[in-house]
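These are my notes from a first look through this structure. I wrote down each item as I looked it up.

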Amino acid sequence: MSYNDLVNVPSFGKKRENFDPERGDVVFYCRVCGKTVEAVRLHPVKYRYECPICKGHEISIGTSAGIQEFYSKQHR
């Protein structure tokens with residue numbers, strides 16, 4: 001994942017000068033399942049998420065392109 005993927009995340013802060021809509025929407029990726037999921041936020045002010053499929057807590061957040069690039073390289 002690169003800095004340009006992080007600036008696409010609205011909660012990253014004010015550094016959004018390089019927002020690239022071509023990178024796709026923000027998605028949640030469960031590192032346990034190995035799938036893009038609709039993660040459940042466990043606490044309203046903390047970044048703790050749970051996978052609705054396996055109930056795992058190893059959730060990555062990024063753009064759809066960033067997640068796909070990063071995790072496809074790890075599984076080669």
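Entry 1, aromatic pairs. I searched the whole structure for aromatic pairs and found 3 of them. I note here that the model is a predicted one.

I then looked up where the two residues sit. Is Tyr 49 buried or exposed? Its relative accessibility is 9%, so I counted Tyr 49 as buried, the limit being under 20%.

The next pair I wrote down is Tyr 29 with Tyr 71. This one is stacked, with 4.3 Å from centre to centre and 25° between the planes. It also links distant parts of the chain: Tyr 29 is in strand β1, Tyr 71 is in helix α2 (residues 64-74), and they are 42 residues apart. I checked both for burial. Tyr 29 has a relative accessible area of 9% and is therefore buried. Tyr 71 comes to 10% relative accessibility, so it is buried as well. Tyr 29 and Tyr 71 also belong to one aromatic cluster together with Phe 70.

Entry 2, a charge over a ring. I found Arg 41 lying over the face of Tyr 47, at 4.8 Å from the ring centre.

I counted 2 helices and 5 strands in the protein. Along the sequence they follow the pattern α-β-β-β-β-β-α. The protein has 76 residues, and 29% of them count as buried. I also looked at contacts between residues at least 6 apart in sequence: 42% of these join residues at least 24 apart.

Which strands form the open sheet, and in what order? I read 3 strands in the order β2-β1-β5, with antiparallel pairing. The edge strands are β2 (35-37) and β5 (59-63), each of which pairs on one side only. On average, neighbouring strands of this sheet are turned by 40° against each other, direction ignored.

I then went through the pairing of β1 (residues 26-30) with β5, which is antiparallel and has 5 bridges. Two partners that I noted in β5 are Ile 61 for Phe 28 and Ser 60 for Tyr 29. I looked up how covered β5 is: 4 of its 5 residues are buried, which makes the strand mostly covered.

Nonpolar side chains tend to be buried together in soluble globular proteins. I looked up the largest nonpolar core here, and it has 7 residues: Phe 28, Cys 30, Val 37, Ala 39, Tyr 49, Cys 51 and Ile 59.

The last item I looked up is Lys 55. Its phi is near 65°, a positive value in a residue other than glycine. Lys 55 has its place in the loop between β4 and β5.

Key
Residues are numbered from 1 along each chain as its sequence is written. This is a predicted model: local features need pLDDT of at least 70, side-chain atom pairs count only at pLDDT 80 or more; totals for chains, interfaces and linings use all residues. Side-chain values use heavy atoms; hydrogens and water are left out. A nonpolar core is a set of buried Ala, Val, Leu, Ile, Met, Phe, Trp, Tyr and Cys residues joined through side-chain atoms within 4.5 Å. Buried means under 20% relative accessible area, exposed over 50%, partly exposed in between (1.4 Å probe, protein chains only). Two strands pair if DSSP finds at least two bridges between them. Axes are lines fitted to C-alpha atoms, for helices over the stretch in contact, and angles run from 0 to 180 degrees between N-to-C directions. Rings of Phe, Tyr and Trp (its six-membered ring) pair if their centres lie within 6.5 Å; planes under 30 degrees apart count as stacked, over 60 as edge-to-face and the rest as tilted. A charge sits over a ring if NZ of Lys or CZ of Arg is within 6 Å of the ring centre and within 35 degrees of the ring normal. Contact means heavy atoms within 4.5 Å.
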